[in-house]
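Here are some notes for a colleague who is about to work with these coordinates.

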Amino acid sequence: MSADPINDANPINGASIPAINRRFRLQWEAAQNAHVLLYPEGMIKLNASAGEILKRCDGKATLADITASLEQSFAASGLSGDVFAFIAMAVEKKWVTLLP
Amino acid sequence: MGHVAAMNAQVKIAGPPLWLLLELTYRCPLHCAFCYNPTDFARAGPELPTEDWLRVLREARALGAVQLGLSGGEPLVRDDLELIVAEAHRLGFYINLITSGVGLNETRIAALKDAGLDHIQLSFQDSSKQMNDFLSSTRTFDLKSKVAALIKQYDYPMVLNVVLHRLNIDHVEEILNMADRLGAEYVELANTQYYGWAWHNRDQLMPSRAQVERAEAATKRFRERIGRPMQIYFVVPDYFERRPKPCMNGLGSIFLTVTPDGTALPCHAARMLPGLEFPNIRDTSVKHAWFDSSGFNHFRGDDWMKEPCRSCPEKARDFGGCRCQAFLMTGDAANADPVCDLSPHHHLVTAAVAAAERPRPPDEPRRAEEKPLVFRSPANSATLFP
């Protein structure tokens, strides 16, 4: 698994609990057929996989839970690399915070 | 016939009005000389009643509107603001209150929180009490500072907005320090856009190029030094550019404004554009206004463009710039925005910038003015448009 994005400098692991940053609001918009992140005077339209991951970031589920839920919903396996990489990016962009 | 077919095609490709701006009132306790409200606002019809605003919210939300701005004038002078916010929240809007802060006491800020208000954008006119109070022609600086503290206390995200121009742009560093002190998460350093009262006062408000460059440098230094997350938007003054702004992302593309008297507009300044039908929401639906009126359809797509825009490879990026600016400066809204250096009217912009190269005024604002600023007020509006 050389593609594993987790390394010593990155605290993200299967036990991490992500939550939507309280300064953003995640919402499904039927008119755009997409999840969006809303913030002061702005909006980020999410692609389908970003929306599926973020809607599971409820501040309770661990990343391992979220990955399992996605693999079950989409009858897929081996999604953890993609999920972790997305969460790392979302933390960087401050869309998501990791609960201690 | 070809024209009709093209219009129909454009109607089909029109997406939803994602951004809804409700200008709830033209009444305002401030009298800012750079206000973009129309200078003839004193002759506007009566304000929409509450039930019409609520209907606009429902109809726009059904079309897909999701970002809501509540502005004016000063929206807090409407005593139904809490009702409007509550309905918008129930419908799923993200609600931005754009305010001078005047009227935002603790009772109302708490009630607005309960109603579901998401965010408050608070305007300051300057970092100094003297200049803030001069530019708004009010004594409001201390009040605004108190309101900023209330916004933090009630855990709203705070955007601090300062309109920049010749008389305050040299204070950018102090303005940013003030924003930091007040705990703003976002700061908009919005160089004046010349519409409405700002257009009327343009020559007194236009900064020199050196002033703009110093302000940009000060903003850059501040960004490097600040130790906490603070998003700073430096809105460049388009007169100093060589390409126009993609104004409103193209008229009729994502923005819908409703003025205090109920006129539906594709941009808050668009009422000045001649020959277009801007329906009043009292007697039409939001859907009809957005999809079927000439005011929204005319400048959709690029059929309306003249040269040099029509054959320009950049037309899909900037949509020819701002229709209102083209109209104000050239008399024809279908011309290229004269900010573009490909426009045959670009010399009008460079002349305005060149005129701003006169010696800087001293810090005494009243003595500095060669020609007095005309402040936004019902009395001045009535004088300009008797």
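1. The lining of the second largest pocket has eight nonpolar, two polar and five charged residues; Ala, Val, Leu, Ile, Met, Phe, Trp, Tyr, Cys and Pro count as nonpolar, Asp, Glu, Lys and Arg as charged, and the others, Gly among them, as polar. The volume of this pocket is about 460 Å³. Of its 15 lining residues, the closest to the centre are A:Lys94, B:Glu185, B:Tyr186, B:Pro229 and B:Gln231. A pocket here is an open set of points on a 1 Å grid over the protein atoms alone, where a 1.4 Å probe fits, with protein on both sides within 12 Å along at least five of seven lines; lining residues have an atom within 4 Å of a point. Points are joined across faces, edges and corners, and the volume is the space filled by probe spheres set on them.

2. The model is predicted: local features need pLDDT of at least 70 and side-chain atom pairs count only at pLDDT 80 or more, while totals for chains, interfaces and linings use all residues. Residues are numbered from 1 along each chain as its sequence is written, chains are lettered from A and ligands numbered from 1 in the order in which they are written, and side-chain values use heavy atoms, with hydrogens and water left out.

3. In chain A, strands β2 (residues 25–29) and β3 (residues 34–39) run antiparallel and are joined by five bridges. A:Gln27 is opposite A:Val36. The two strands make a hairpin with four residues between them, and A:Asn33 in the turn has a positive phi of about 50°. Strands (E, at least two residues) and helices (H or I, at least four) are DSSP runs numbered from the N terminus, and two strands pair if DSSP finds at least two bridges between them.

4. Chain B has an open sheet of nine strands with mixed pairing, in the order β7-β6-β5-β4-β3-β2-β1-β8-β9. Its edge strands, β7 (231–235) and β9 (264–265), each pair on one side only. Four bridges join β2(B) to β3(B) (residues 94–99) in parallel, with B:Gln67 opposite B:Tyr94. Five of the six residues of β3(B) are buried, so this strand is largely enclosed by the rest of the structure. Buried means under 20% relative accessible area, exposed over 50%, and partly exposed in between (1.4 Å probe, protein chains only).

5. Why does the length of helix α2 (residues 50–63) of chain B agree with expectation? At 1.5 Å a residue its 14 residues should span 20 Å, and its end C-alpha atoms are 20 Å apart; the expected span is 1.5 Å times one less than the number of residues. Buried residues of α2(B) include B:Trp53, B:Leu57 and B:Arg61. Among the elements that cover the buried residues are β2 of chain A and α3 (81–91) of chain B, where contact means heavy atoms within 4.5 Å.

6. B:His165 lies in the loop between β5 (158–164) and α7 (172–182) of chain B and is buried, at 0% relative accessible area. Beyond its neighbours within four places in sequence, B:His165 contacts B:Phe34, B:Leu135, B:Thr192, B:Leu205 and B:Pro207.

7. Two peptide bonds deserve a look. The bond from B:Gly72 to B:Gly73 is cis, with omega near 15°, and the bond from B:Glu307 to B:Pro308 is cis, with omega near 10°.
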